[in-house]
Amino acid sequence: MKTPPEQATGSAHGKIILMGEHAVVYGEPAIAFPFKATPVKIEIRQTDSLTHIASSYYQGVLSNAPRSLSNLSVLIETICSDLHQSSNHLFVTITSFIPAERGMGSSAAVATALVRALFSYFDQPLDRAKLLDYVDISEKIAHGNPSGIDARVTSSESPLFYKKGSAIELLSLNISGYLILADTGVKGQTLQSVADVADQVNALPEETMAIISQIGQLTQKAKEAILKNQRETLGVLMTQAHVSLRQLNVSNAVLDHLVDTALSHGALGAKLTGGGRGGCMIALTETEKAADTISNKLMEKGAVATWIHPLGADINE
Ligand code: MEV
């Protein structure tokens, strides 16, 4: 057994789902991109005492951590056991700029950074397949029945066109326009909304699967619009996707209000992003000036934070 180094780090970043959330759980495609404006870094160092977590959310011994961190405890135990290492005496510091429970991939990003940090700490090689296997374990605990998109995009350098069970396609979002991301300030409920959609599928299979398939078709058309740089078409498809997501009952009054605000102030399209029922919404504009104006309106109408993101070649900066 090698002696662990003094300390090791792992990192990841948030994500934005442009199209396809919820439907992606049922095998439809989704388009998502890494959101580097919200990074996560995890540092692991040795401690003489019991394994500790230090984060803005919880500080203390891992074994006393709240249930909402059980995905991280399971990851640490599983990886240490697989690597034949002790899970004691680790001091894990989590520094995250991703607002938690806002549909921005916080749980997957933290898990990704943790897996990377643990493998680096124990000086073991980590390929992408192994990383995703571990993050999927954590995401099953955090989200119940994840499609896997959050795990893949929070560890990716490029936007993705993702369909469960198919090879991942990298998709350049080389489209001229600006995306506004607005945080409602309300905690999203991905675990609950994914479970409620499953209940809706069971209770009303035909109607619900028709909505899911409609979201899939809109995502497919969005991919074509992106490839052809058809910004206006993409906007219309985004708004249509929001209507379908409302039919799946994963929106709420705050999200609808911000979507309406963006549209009534000239956005080309707007929709919720991620799990819904709170969390974040996105809106598309042609110019940066329009994005600024709409962003201010969204703040006036209750958003607690906004980000403006140029699409196109610089999306990864
Ligand atoms: C959550 O970011 C996206 C959902 O589609 C769930 C999933 O794909 O695992 C709502």
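User: Before we get going, when do two strands count as paired here?
Analyst: Two strands pair if DSSP finds at least two bridges between them. Keep in mind that this is a predicted model.

User: What sheet do they belong to?
Analyst: An open sheet of four strands, in the order β9-β10-β8-β11, with antiparallel pairing. β9 (269–273) and β11 (305–310) are its edge strands, and each of them pairs on one side only. On average, neighbouring strands of this sheet are turned by 20 degrees against each other, direction ignored.

User: Which helix packs on that sheet, and what does it touch?
Analyst: Helix α7 (residues 231–247) packs there, touching β8 (178–183), β9 and β10. The direction of α7 makes about 45 degrees with that of β9. Helix α8 also lies across β9 and β10, and it runs at about 160 degrees to β9.

User: While we're on α8, how does it pack with α9?
Analyst: Helix α8 (residues 253–264) and helix α9 (residues 288–300) have their axes 9 Å apart, at an angle of about 145 degrees. The crossing of α8 and α9 is right-handed. On the α8 side the contact comes from Leu258, Thr261 and Ala262, and on the α9 side from Ile294, Lys297 and Leu298.

User: Let's switch to the start of the chain. Is strand β1 mostly covered or mostly open?
Analyst: Mostly covered: of the 13 residues in strand β1 (residues 7–19), 10 are buried. β1 runs antiparallel to strand β2 (residues 30–46), and 12 bridges join the two. One of the facing pairs is alanine 8 with isoleucine 44 of β2.

User: I've got my eye on alanine 12. Where does it lie?
Analyst: Alanine 12 is in strand β1.

User: And why does it count as buried?
Analyst: Because its relative accessibility is 5%, and the cut-off for buried is under 20%.

User: Which residues does it touch?
Analyst: Leaving out residues up to four places away in sequence, alanine 12 touches Pro39, Val40, Ala109, Thr112, Ala113, Arg116 and Thr154. As for phenylalanine 35, it is 23 residues from alanine 12 in sequence, with 9.7 Å between their C-alpha atoms.

User: New topic: how many aromatic pairs are there?
Analyst: Three aromatic pairs. One of them is phenylalanine 119 with tyrosine 134, which is tilted, with 5.7 Å centre to centre and 50 degrees between the planes.

User: Where do those two sit in the chain?
Analyst: Phenylalanine 119 is in helix α2 (residues 106–121) and tyrosine 134 in helix α3 (residues 128–143), so to speak linking distant parts of the chain, 15 residues apart. Phenylalanine 119 and tyrosine 134 are both buried.

User: What about tyrosine 121 and phenylalanine 122?
Analyst: Those two make an edge-to-face pair, 5.2 Å centre to centre and 75 degrees between the planes. Tyrosine 121 and phenylalanine 122 are buried as well.

User: Last one: which charged end sits over the ring of phenylalanine 91?
Analyst: That of arginine 45, at 4.6 Å from the ring centre. There is also lysine 223, whose charged end sits over the ring of phenylalanine 161, 4.3 Å from its centre.

Key
Residues are numbered from 1 along each chain as its sequence is written. This is a predicted model: local features need pLDDT of at least 70, side-chain atom pairs count only at pLDDT 80 or more; totals for chains, interfaces and linings use all residues. Side-chain values use heavy atoms; hydrogens and water are left out. Rings of Phe, Tyr and Trp (its six-membered ring) pair if their centres lie within 6.5 Å; planes under 30 degrees apart count as stacked, over 60 as edge-to-face and the rest as tilted. Buried means under 20% relative accessible area, exposed over 50%, partly exposed in between (1.4 Å probe, protein chains only). A charge sits over a ring if NZ of Lys or CZ of Arg is within 6 Å of the ring centre and within 35 degrees of the ring normal. Axes are lines fitted to C-alpha atoms, for helices over the stretch in contact, and angles run from 0 to 180 degrees between N-to-C directions. A crossing is left-handed if the near helix is turned anticlockwise from the far one by less than a right angle, and right-handed if clockwise. Contact means heavy atoms within 4.5 Å.
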